[in-house]
Amino acid sequence: MIKSKKLVITAALCAFTAAISFAQEVSFENKLSSEIVNINITEDDTDSAFAGFENETSAEYSSDNLDFGLTLKFNLAKEDDDSFSIGSEDFIDDYFIEFRPIDLLGIGFHRGYSVAGSYLPCLDAEIEAANIGSDFGLFVRPIEGLVIAGGIDFISYFGRDGEKPLFNAGAEYTLGETVAFGAAVRNIASDDRSFGAYASFTGLENFTINAGFTYNGAIEDYNISGNLVNAALIYTNDPLSISADAVFAVGGDEDEANELYTAANVTYQITEPLSVNLYGYFTTDFDNDDSWCVGVNPSVDYQLTEHNTIGGGVFVNVMKSLKSISFPVYWKYAF
């Protein structure tokens with residue numbers, strides 16, 4: 001496993017170095033972050049613990065015939081025996097390659113492609129079931145604005161009893177700069193297949209509206225699962241940005257899962273380098289009155305130079321039986 005990961009890193013770095021010489025678009029970001037200390041408060045006790053550090057590095061290259069990217073993560077953490085660890089099992093957090101031998105066809109390896117309309121701006125992530133990419137996939141672009149994709153995830157077995165190949169497929173169509181819509185099916189041959197249909201509307205100045213439906217979907221970060229209805233609104237008009245999103249589960253087999261996630265985020269650019277931000281979220285399971293959770297995170301970001309940004313704030317989570325407080329800070333270098 002370690003050897004294979006080293007080979008992936010070496011191959012990616014070699015390709016990235018070669019590509020830079022004729023690159024059309026290259027981006028790089030390194031973010032070092034920490035929550036400083038985690039404080040947990042219950043009716044009986046209050047305890048605190050060092051939150052450790054996490055470093056995330058990502059690089060992407062894009063051209064007419066080739067796209068690829070790599071994301072690496074490692075952390076410094078305090079263990080239960082008061083020792084410290086550095087590194088992570090999943091050092092290679094993500095990677096992808098897509099090359100286009102002809103304009104019509106793209107061949108992708110671990111290439112994700114999320115259908116427009118599935119994006120949740122406050123979560124800064126797409127619904128996982130909206131991904132029409134695969135570990136090995138083909139992307140066909142027969143006309144402008146249309147993408148049709150299909151492929152398989154690894155490891156897929158053919159002809160093995162009790163094992164179904166992991167087929168994925170989907171399509172997205174963008175009409176000018178006004179509307180985009182599409183659908184995705186994952187694990188088509190499996191009993192736990194998922195299906196989603198999504199749309200995004202940008203026809204109103206400064207506004208983006210996303211919406212969709214997912215059969216057998218999940219938002220793991222907030223323990224949401226079932227058949228999901230998602231909606232999001234993004235408003236941007238300098239110096240103010242406002243976003244809101246929500247996911248509602250209308251069915252499913254997970255009795256312990258939450259049924260609602262909703263969040264809002266407001267950012268105001270005070271000066272060119274200085275901005276303030278207020279984020280808040282709410283989750284609950286309507287079948288369990290004690291399952292609710294509210295989180296609030298005011299923060300400040302300051303751009304030191306063209307490539308360097310720092311930020312910090314306080315994150316408060318409130319549940320019926322537990323209150324937690326942390327102090328997230330970060331330094332980011334990007335170009």
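Here is a short tour with a few stops.

This is a predicted model, so keep its rules in mind: local features need pLDDT of at least 70, side-chain atom pairs count only at pLDDT 80 or more, and totals for chains, interfaces and linings use all residues. Residues are numbered from 1 along each chain as its sequence is written, and side-chain values use heavy atoms, with hydrogens and water left out.

**Stop 1: the core**

Select Ile219, Tyr222, Ile224, Val247, Tyr261, Tyr279 and Tyr281. Among the 26 residues of the largest nonpolar core, these touch the most other members. A nonpolar core is a set of buried Ala, Val, Leu, Ile, Met, Phe, Trp, Tyr and Cys residues joined through side-chain atoms within 4.5 Å. Strands are DSSP runs (E, at least two residues), numbered from the N terminus.

Next, show the rings of Tyr222, Tyr261, Tyr279, Tyr281 and Phe315, which form one aromatic cluster. Rings of Phe, Tyr and Trp (its six-membered ring) pair if their centres lie within 6.5 Å. A search of the whole structure turns up 18 aromatic pairs.

**Stop 2: asparagine 317**

Jump to asparagine 317 in strand β23 (residues 315-319). Is asparagine 317 buried or exposed? Asparagine 317 counts as buried because its relative accessible area is 17%; buried means under 20%, exposed over 50% and partly exposed in between (1.4 Å probe, protein chains only). Its side chain makes a polar contact with the side chain of tyrosine 281, at 2.4 Å. A polar contact is a pair of N or O atoms within 3.5 Å; within protein, one must be able to donate a hydrogen and the other to accept it, and residues adjacent in sequence count only if both atoms are side-chain atoms.

**Stop 3: charged partners**

Side chains of opposite charge can pair when their charged atoms come close. A salt bridge is a side-chain nitrogen of Lys or Arg within 4 Å of a carboxyl oxygen of Asp or Glu, and a search of the whole structure finds ten.

Select Asp67, Glu98, Arg100, Arg111 and Arg141: salt bridges link them in a network. Within it, glutamate 98 bridges to arginine 100 (3.2 Å, N to O) and to arginine 111 (3.1 Å, N to O). Glutamate 98 in strand β7 (residues 92-102) and arginine 111 in strand β8 (residues 105-111) are 13 residues apart. Glutamate 98 is buried, at 1% relative accessibility, and arginine 111 is buried too, at 16%.

For another bridge, pick lysine 320 and aspartate 290, whose closest N and O atoms are 2.9 Å apart. Lysine 320 is partly exposed at 47%, and aspartate 290 is partly exposed at 44%.

**Stop 4**

Zoom in on phenylalanine 154 and isoleucine 155: a cis peptide bond joins them, with omega about 0 degrees. Then go to aspartate 238 and proline 239, where the peptide bond is also cis, with omega near 10 degrees. Proline 239 is in the loop between β17 and β18.

Finish at asparagine 216 in strand β16 (residues 207-219). Asparagine 216 has a positive phi of about 60 degrees although it is not a glycine.

Definitions and conventions: Helices (H or I, at least four residues) and strands (E, at least two) are DSSP runs, numbered from the N terminus. Rings of Phe, Tyr and Trp (its six-membered ring) pair if their centres lie within 6.5 Å; planes under 30 degrees apart count as stacked, over 60 as edge-to-face and the rest as tilted.
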